[in-house]
Amino acid sequence: RAWATGRPVWIPDIREVPDLPPPAVRAGLRSGMAFPVAVQGEVMAVMVFWSFNPREQARETLEMFHALGNQLGQYLERQIQSAKVSRLTRLHAAVSAANTAIAGATSRQQFFQDICRIAVDDGKFAIAWIGEYDATTLEVKPVAYAGEEAEMLMGAGAATADTNLPRGHSLVGRAIRTGQVVYTNDLSAEA
């Protein structure tokens, strides 16, 4: 209920609440208190406290837990904002380094390799690679890469945009066919 309402919930005697899990009653618990932890108005967590003794609801205690939930939510919000600032700072550093690479490139290959290295070192990506697309064969052959496991990944063979092949439905294949940025937060779902 605390999750659904966004408000603290006090249960003076859990034996009088039919939808509570039986293990709580079997464990001898008698009363409970739950309060939400919200970030920007969205409940992100619920803290629950149980007691072996029945306890009547106390307005001051509810207000204290409500305030504590708000403080925890503010802390989480600061953590989220700090992570966003760090991510944007990393990306800005990567863009700045890429601009430097553009200015200093002496060959196309060196430029591609520098961009991959910058994405890994400054952008903090695990692997970065650049491939060249062959419109005749529909294959994308890696020409530059960086990252600890990049060599192993490159050994898996060329990517493709050919929809008749399972690999053709990958991120790379979809990006080539649509001409759009394609991303995922779950590569295992892409396999």
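Author: In this predicted model, the second largest pocket holds about 210 Å³ of space. Its lining is made up of 15 residues. Those that lie nearest the centre of the pocket are R1, V9, I11, L20 and A34. Four elements each supply at least two residues of this lining: helix α1 (2-5) and the strands β1 (9-11), β2 (31-39) and β3 (42-51). By type, the lining residues of the pocket divide into twelve nonpolar, one polar and two charged.

Now to the helix packing. Helix α3 covers residues 59-104 and helix α4 covers residues 108-121. The two pack at an angle of about 165°, and their axes are 10 Å apart. Angles over 145 degrees count as roughly antiparallel, so α3 is roughly antiparallel to α4. The crossing of α3 past α4 is right-handed. On the α3 side, A94, A97, A98, A101, I102 and G104 make the contact. On the α4 side, the contact residues are Q110, F111, D114, I115 and I118. Taken together, the residues of this contact comprise eight nonpolar, two polar and one charged.

Key: Residues numbered from 1 in each chain as written. Predicted model: local features only at pLDDT ≥ 70, side-chain atom pairs only at ≥ 80, totals over all residues. Heavy atoms only, no water. Axes fitted to C-alpha atoms, helices over the stretch in contact; angles between N-to-C directions. Parallel < 35°, antiparallel > 145°, perpendicular 65-115°, else oblique. Left-handed = near helix turned anticlockwise from the far one by under 90°. Contact = heavy atoms within 4.5 Å. Nonpolar A, V, L, I, M, F, W, Y, C, P; charged D, E, K, R; others polar. 1 Å grid on protein atoms, 1.4 Å probe; cavity = no way out; pocket = protein on both sides within 12 Å on 5 of 7 lines; lining within 4 Å. Points joined across faces, edges and corners; volume = space filled by probe spheres on them.
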